[in-house]
There are 2 protein chains.
Amino acid sequence: MKKFEVTFQPSGKRGEIHEEKTILEASRELGVQIESLCGGEKTCGKCKVKLLEGELSPFTDEEGKFISESERLEGYRLSCSARIRGNVLIFVPEGSLIQKHVVRKEIAGKQIELKPALISYYIELTPPSFHDLRSDCDRLKKALSQDYHLPHLDIDYPALLKLSRALREGNWKVTAVVWMDREILDIRPGHVKEIYGIAIDVGTTTVAGYLCNLGNGEVIATQSMINPQATYGEDVMSRINYTITHPDGLQLLHRSIIDGLNHLIKTAVEDARLSPDDILELTAVGNTVMHHLLLGMDPRYLGVSPFPPALHQLINLKARDLGLRVHPSANVFILPVEAGFVGADNVGVLIAEEPYNQDAMVLIIDVGTNGELVMGNRNRLLSASCATGPAFEGAHIRFGMRAAPGAIERVKIDADTLEVDFKVIGDEGWKSNSGKGDARGICGSGIIDAIAELYRNGVIDKSGRFKKELPSSRLILSDGKPEFVIARKEETSIGKEITITQQDVRNVQLAKGALYAGARLMMKKLGVERLDKVILAGAFGSYIDPEKAMILGLFPDCELKNVCAVGNAAGEGARMALLNRDKRLEADEISKKVDYMELTIEPDFQKEFIEAMQLPHMKDPFPHLRGVVRDEILNQ
Amino acid sequence: MKKFEVTFQPSGKRGEIHEEKTILEASRELGVQIESLCGGEKTCGKCKVKLLEGELSPFTDEEGKFISESERLEGYRLSCSARIRGNVLIFVPEGSLIQKHVVRKEIAGKQIELKPALISYYIELTPPSFHDLRSDCDRLKKALSQDYHLPHLDIDYPALLKLSRALREGNWKVTAVVWMDREILDIRPGHVKEIYGIAIDVGTTTVAGYLCNLGNGEVIATQSMINPQATYGEDVMSRINYTITHPDGLQLLHRSIIDGLNHLIKTAVEDARLSPDDILELTAVGNTVMHHLLLGMDPRYLGVSPFPPALHQLINLKARDLGLRVHPSANVFILPVEAGFVGADNVGVLIAEEPYNQDAMVLIIDVGTNGELVMGNRNRLLSASCATGPAFEGAHIRFGMRAAPGAIERVKIDADTLEVDFKVIGDEGWKSNSGKGDARGICGSGIIDAIAELYRNGVIDKSGRFKKELPSSRLILSDGKPEFVIARKEETSIGKEITITQQDVRNVQLAKGALYAGARLMMKKLGVERLDKVILAGAFGSYIDPEKAMILGLFPDCELKNVCAVGNAAGEGARMALLNRDKRLEADEISKKVDYMELTIEPDFQKEFIEAMQLPHMKDPFPHLRGVVRDEILNQ
């Protein structure tokens, strides 16, 4: 098959690519990070590039949906659609590059009792003699049994290989690292107490690692990165789809997260002046699809009703079997998943927040592309999953973008003038103070703010419709449809104004309606009238303004002071499991106890969903919004 | 560093080799199999080659010990000594090539109750539904638990990766292969019962594999090969030495046996029209050094007093961790070792012969480069190891060679004429019948025959000295020292006669004396006056003529009909362990029960050894040789 030279600008990356490959495929081969929210399915329009020289396959109707006539004449194409037919020079606009995320994976770092799975034991042995010809291995095991009451120890194969030399180098004084009182993972000459582990949160978008000293529990380095699987599809469904439509798709996705983790671990240990070999244990959380892809298990059946996972239980396996470059005997502990779409990340949240130890009726919302809900207390816990769609991540929103520099993350609208103030990621303080004009788009928390503010100030009504008759220069018409200007042209770096459209409002209503309806059905099932506490978890959840979220009706009414954001609780759960082995048992037990509720088969789901689409809700009272939102708005 | 072109004749193999490497090193790099009994230590003289063109490092005194002046002038060198200094053309005489062994690894193939560690279970599962959302893994485990009473099963990681697809391909009817009622190793769609395993005997010289159908216990292919470690040294001590003197020595030796096994397994499965992936279990035996090198464990401490092994116990590990190319979940079971020099091969012999289930007092001799002795019965078992030296393998014997085509393996001497008849490996029948003249040397069983016959016919006396005064044209003098001609010049293919020298007799006396003294000390320790049974085991032991061995005094007196050869009992033990898991427990128990006796520290060892050097012994009576050997000879 023929190959052609493909060159990308402005990076200058170039290489020989097989004829008929798409520009998107070429970009992956050459390491150019073109955004592809839909995974090359031609449905997101985020991968626009401009042909500067050469020829590509003809322009298609699908491309016409995202590329205007004038753009087409300039040479714009969707890189997932245009195929290589000769040598080409391609320009990738900044807006089509995967943005360096603002990493929002901070963990709370709660105090936790230190009880790691790995403990190092110092022992002094009697050397062999003709009267004591025991093998090195028996000698070591016997001493550990006698000195530390550790009978029936196994020894991992790589440790066995080091054993004889370590004993002699240490002059029969060694430190043995024992896992779960069960298996010897390492033998070190002399007295060496330091052992390290890393807790990993494999998010669909962002992956974070928390390197911990297992001797004192300290987090000594935090490292994060974009999940390298992102180039194969933005959300879990497009990644599942990629494994189905590409024969080597599963392997590619699996290898890409493993390679990514190896890189992340290397960076983290270098940060702490350690080597990968110092990592003796890893714990990991992730949603069910990330969990399956991390393990290399086929996720396709997760996408098919009734969505059973391949593996439900917690799993311990050797890092070497996964191809992770850490200590050759290192164990990987992956938290259990609850059900098809309620994953190990949710179990991480649970063991971090422990609703099962509380009397208060708690709702935990992990907002992401997929919304995960847990509700209950010490008596009972329910979990559910709702397809919120990617609106909260900035997709399907006209000026939506991820939480990257340039994204509007906070919005205030003045009740009298309807003038807008906003805060942009990367800037100090609000626009009214910074005076900067560098907004590029609007991210999830900004969208929630904006729509809540539009509602509170009567720009949109309870049903989400713009009140076209309002006298405001910010309420404009485009193709006869109303839009509200958040950032004026001169306040942006994209040469045009940033607006919220009627369609944007609709998409957010769909997303929040799904969450609210889910919570409502769970309350019904539990026979609960009101919530005592709402916890917003997840990378994105932590940045939501609780008040704005409640005005929007993201969740049922609750006392505002009891609505809180807890940061990356899934990652916190992984850290806790790393530092305290009892937390692993807790995870195992709770993952089995939580009742999973399949919302889509609940008879009331449609009705609840339709009612929950309204702002904040069609019928439900919001006593705690009294005084926050004017009565005439609330009583519409 | 400079490289030069090295070409070997007659094979024509050539390549670029770094300056200052030895010819022996070059031969290994280029795959020319030059014999090196001492492992390049310049002490065996077996690696002679002839320089045809080019230049090498200067001739050394060490070479002078093995290369005569006339040979030197012809260009002969020791390949372990001569170093590359320019492009060279090297001729390798046939006598310096590693000979294709006559593989003597037949196993008895005793009947054994079939109880393999692996069992395949057929199960029919209920597919998932919204009312039964268990994971694929839980579903499978539950069914195995319910249908076959197999609770608490683990699943090996590669099996987990296949699980979801196998369940669906089989339409929820699958076969699970379970190891030791403990771990699921494979899931196959539908009803598939066939499982296979291979029992492996890693000998110092020869490696054999017995491919078995675990469903019916049949051996469906037998394959053997020279242990590829042989190019790094003939015996265990030279291999230990190689790991000490070469920084990458351990890795080289480990890789070479693993590569060799991969090749052997591939050949065996192809023989049986299977694929390596069909092998789900391996069992292995080997002496302690082979055991350590197979595992990649440093054997250097086995060579240092008090010779403790790194590992004593049986070990199960994943074939993938060893780099064996079989089924990715295959288990490798390696039999336990007893003590420093009494290895897993000896445990294999024990579980094959079961002296611990007998009343008779048994002596088992596994004769090889290292002699291993076990003595006892159901009451008690002793084991010991004697350094017999390599005389029985043909080394340190003027015309000694391994059991290869051209080796004299049987010798008879006529009592009246002192004329000799012999049998050559590769020929039909005895020389007197075949009339062929193709002897190249003499192997272990031939040496034992020859010396026993020389003694029985009065050519040598009890002390091993030649009776120079005997009138026989076969008794000649060379440098004033007597030699006995076994094959006349015209009966050989080497252009000279094959003789037994006084030194050869001495070396055999040393070897047999060590074995006899060991047996005597063991009898003392057990308080035993006589042996009921002697079993000759091992590749070489099986070919010894029991009568000749007793005439020589290889072991104490015993009724001749109770002296028997059992073939490769170590391999037989490996096969038994493969087919019957109870045999593994038996191996574990017996390896702990056998009392190891370190002969060299016994106060009487020297005295016993000196007495045992005589033929058959200085003092011990041999009532069962009456009538076999003339009284005047026996009563010397």
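With 15 C-beta neighbours inside 10 Å, Asp181(B) counts as partly exposed; a residue is buried if 20 or more other C-beta atoms, placed from the backbone, lie within 10 Å of its own, exposed if 12 or fewer, and partly exposed in between. The phi of Asp181(B) is positive, about 55°, although the residue is not a glycine. Asp181(B) sits in the loop between β8 (173–179) and β9 (183–189) of chain B. Helices (H or I, at least four residues) and strands (E, at least two) are DSSP runs, numbered from the N terminus.

This is a predicted model: local features need pLDDT of at least 70, side-chain atom pairs count only at pLDDT 80 or more, and totals for chains, interfaces and linings use all residues. Residues are numbered from 1 along each chain as its sequence is written, while chains are lettered from A and ligands numbered from 1 in the order in which they are written.

In chain A, Asn171(A) is not a glycine either, and its phi is near 55°, a positive value. Asn171(A) is exposed, because 12 other C-beta atoms lie within 10 Å. The loop that holds Asn171(A) runs between α5 (157–169) and β8 (173–179) of chain A.

## Cis peptide bonds

Most residues other than glycine have a negative phi, and most peptide bonds are trans. A cis bond joins Leu615(A) to Pro616(A), with omega about -20°. Pro616(A) lies in the loop between α18 (605–612) and α19 (631–634) of chain A.

In chain B, a cis bond joins Leu615(B) and Pro616(B), with omega about -20°. The loop between α18 (605–612) and α19 (631–634) of chain B contains Pro616(B).

## A sheet in chain A

Three strands of chain A form an open sheet with mixed pairing, in the order β20-β19-β21. Its edge strands, β20 (420–424) and β21 (441–442), each pair on one side only. Two strands pair if DSSP finds at least two bridges between them. β19(A) and β21(A) are parallel and share 2 bridges, and Ala407(A) stands opposite Gly441(A) in β21(A).

Helix α12 (residues 444–456) of chain A lies across β19, β20 and β21, at about 15° to β19(A). Axes are lines fitted to C-alpha atoms, for helices over the stretch in contact, and angles run from 0 to 180 degrees between N-to-C directions.

## Phe392(A)

Phe392(A) is in the loop between β18 (381–386) and β19 (407–413) of chain A. Phe392(A) counts as buried because it has 29 C-beta neighbours inside 10 Å. Not counting residues up to four places away in sequence, Phe392(A) touches Val367(A), Gly444(A), Ala511(A) and Phe540(A); contact requires C-beta atoms, placed from the backbone, within 7 Å.

Conventions: Two residues are in contact if their C-beta atoms, placed from the backbone, lie within 7 Å.
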